[in-house]
Amino acid sequence: MPTENNKTNTNDKIEELEKNREYSTDEFLTTNQGLRVSDDQNSLKAGPRGATLLEDFILREKITHFDHERIPERIVHARGAAAHGYFQAYESQGNLTKAKFLQDPSLKTPVFVRFSTVAGSRGSSDLARDVRGFAVKFYTEEGNFDLVGNNIPVFFIQDAIKFPDLIHAVKPEPHNEIPQAASAHNTFWDFISITPESMHMIMWVMSDRSLPRSYRMMEGFGVHTFRFINAEGKSSFVKFHWKPLLGVHSVVWDEAQLISGRDADFHRRDLWDSIKGGAYPEWELGVQIVDEADEHKFDFDLLDSTKLIPEELVPVQRLGKMVLDRNPDNYFAETEQVAFHLGHVVPGIDFSNDPLLQGRLFSYTDTQLKRLGGPNFHEIPINRPIVPIHNGQRDGHMRQAINVGKTSYSPNTLNGNSPAQAGEKDGGFSSYPERIDANKVRARSKSFMDHYSQAKLFWNSQSDTEKTHIVKALRFELGKVEAEEIRKRIVIQLSQVDTTLATLVAEGLGLEVPSADGVQLNWGVPADVDPEEYKSIPAQSNVGSSAALSMANPPKVGIKTRQVAILAADGVDATDLEAMKNALSAEGAVIAIIAPRVGMLKTSTGEMVKIDGSLQTSASVVFDAVYVPGGQASVKSLLQEDESIRFIHEAFMHCKPIAATGEGVDLLKAAATGGAATLLSSDGVITSDQSSSEVPQKFIEAIGQHRFWSREKVLV
Ligand code: HDE
């Protein structure tokens, strides 16, 4: 039986953290100096009515610590959730890399993974339309390796020097700090409208990719091109991927907005509950490998982070599996204090010259100095490698290590020249000796100048439903932009991607598609440079489409961990209820009985069943599917509640599978109004007037399909 926090699952890092865990059960209350406290309810006063005495060191210690509890939140990716787990390679990848954690299939490397949104503050909603961070810290035997990626394979900008501008534009506007965790405002779209290199990323961010159903159901990408180096010193370029074994799924925008109100912790809770319940999320680590000799064979530059390598050109090879099997013990100590840095690499992994990556190599350590308060953040338990640290670095705020001996310099004779530098045979890291012969220039490579081809590739690869969602997302975002000039400029940018896309978005904004003739599309042009030099240069090849870029037709992965609401009240048909519960549980779905009130309900056979949530505390948007069993009294009670009718109506509008048996069908009929008038005859709605063994089976198949998009009007 899993315990409250899967405390039974362990690994080398979990063990290593034990010396820092504090358990207070059955212990006395003490001060930070270990002094036992007899009265923690009253401050020390001159008489029971005061005044309070300055002498009260117990009060002062408690309040002072409290006053200093907060640290600056991350400037980006402030809101996150994390978990422990492990990574295991399928087989040795010695031909590609000498990285030890990719050699031995019997080796389980501990990991700590933090997922996040980007723009919102720490307390914002999980369901913002936003990129998701996907940062993995591998505690390897050769030191920590951090793969700090996103759930989208490309980025907004090509050079790190533009990052502060991008983030200032997307964050709440500086005069009034509005809006929170949203890109739908003037400054973001102003920046985007004159930054064509962002158009590929914009297509992804406006797609359902930015509304994941769960962290467990999204892909991850290292984004940049990295290097693998094998034991012979041979280097190849590599792009990292994480492929979720539960498939890739999203929610719809209306649903996302409602979830933000109903359960702003939806993703965080989902991750926590799945791990707690023993349904451990899993991803395969994939790589796309490009031989060094092939660096220039593509019609985009491998060093340009606004481009992906289509999987049709370079397939993804799956190297191993990551399993998250333990929740953190303490949010602040672990999830908040974890410090990722893509400069944390191990022998066998190195960088490319991608100018976005190069800038990140500076930023991540720098930001921890501010956020975690000093240079010893690597000593915070969650950041410590599982291997020992030896060097001449000393002192600084909050130093934990007690470095023994006189020498903190190298070379030295007093300590036998220790710690010694490790040569290759001892696992010492040495940078890949890439040949660089160049002028020192502040410039953008011509090979980075194609801004629209891969945006087109993405658009062309989407199903009609996905395209419709992109159009609607852009109508929403630009509808919130007050400046018409900005709306128009975005429509012009979109017209460079696809005419239908631009026309449909323009229609929703009450605009015609303006002509691009004579319009300067790129304002990010340095002084003394002719804007012509910064015009987009279309790729040579036929753009085509790439199946891997669409989330439509996801692989059938069953219904494990899918959340199913069963609407019921006293008198619910016991046979229907049992049959459905058994069938769904057997497939690993999670069932919640939702009733007009909390407590227990009595079935038609008198059995008492625990209610998991009431119609007031719950809502259809936090479930994947809904079932209404028969039972006259039960359905009668439900019909008296507006919320139960809304529950069905909303689930239908969000294209979710719905099932009903016996009298339960009456609730569906009551909900079949307005936009849901066709409810009973629609795809993904399974009904039977009587108890039926076929219904659970068909319902399970329907849940496996995730959503029934045929209910939506397609615009494209
Ligand atoms: Fe980050 N990014 N970033 N980023 N990033 C941070 O580091 C930065 C970029 C990503 O869960 C910060 O520790 C620059 C791309 C994730 O703790 C900061 C640039 C990708 C996380 C920073 C980028 C990412 C961060 C803020 C442009 C995907 C959260 C707090 C050159 C490949 C990690 C921190 C966590 C966090 C800088 C662009 C992913 C300020 C300068 C591209 C997942 O250092």
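**Entry 1**

I began with strand β7 (residues 235-244) and strand β8 (residues 282-291), which pair in the antiparallel sense over nine bridges. Strands here are DSSP runs of E with at least two residues, helices are runs of H or I with at least four, and both are numbered from the N terminus. Two strands pair if DSSP finds at least two bridges between them. I looked for the residue opposite Trp 242 and found Leu 285 in β8.

Next I followed β8 to strand β9 (residues 317-326): this pairing is antiparallel too, over six bridges. Here Glu 284 stands opposite Lys 321 in β9. A reminder to myself: strands of a sheet pair through backbone hydrogen bonds, either parallel or antiparallel.

**Entry 1: a note on the model**

This is a predicted model, where local features need pLDDT of at least 70, side-chain atom pairs count only at pLDDT 80 or more, and totals for chains, interfaces and linings use all residues. Residues are numbered from 1 along each chain as its sequence is written.

**Entry 2: the open sheet**

Which order do the six strands of the open sheet have? I read it as β15-β12-β11-β16-β17-β18, with parallel pairing. The edge strands, β15 (613-614) and β18 (685-688), each pair on one side only.

Inside this sheet I checked β11 (residues 563-567) and β16 (residues 625-628), which run parallel and are joined by three bridges. Ala 565 has Val 626 of β16 as its bridge partner.

I then turned to α11 (residues 464-479) and α13 (residues 499-508), whose axes come within 9 Å and cross at roughly 40°. Axes are lines fitted to C-alpha atoms, for helices over the stretch in contact, and angles run from 0 to 180 degrees between N-to-C directions. The two helices are therefore oblique to each other; angles under 35 degrees count as roughly parallel, over 145 as roughly antiparallel, 65 to 115 as roughly perpendicular and the rest as oblique.

Which residues of α11 and α13 make the contact? I found Val 471, Leu 474, Arg 475 and Leu 478 on α11, and Leu 501, Leu 504, Val 505 and Gly 508 on α13. Residues are in contact if their C-beta atoms, placed from the backbone, lie within 7 Å.

**Entry 3: around the ligand**

Last, I looked at the 27 residues around the ligand, where Arg 74, His 77, Gly 133, Ala 160 and Val 223 come nearest. A residue is near a molecule or strand if its C-beta atom, placed from the backbone, lies within 6 Å of it. The largest share of this shell, seven residues, comes from α9.

Technical notes. Contact = placed C-beta atoms within 7 Å.
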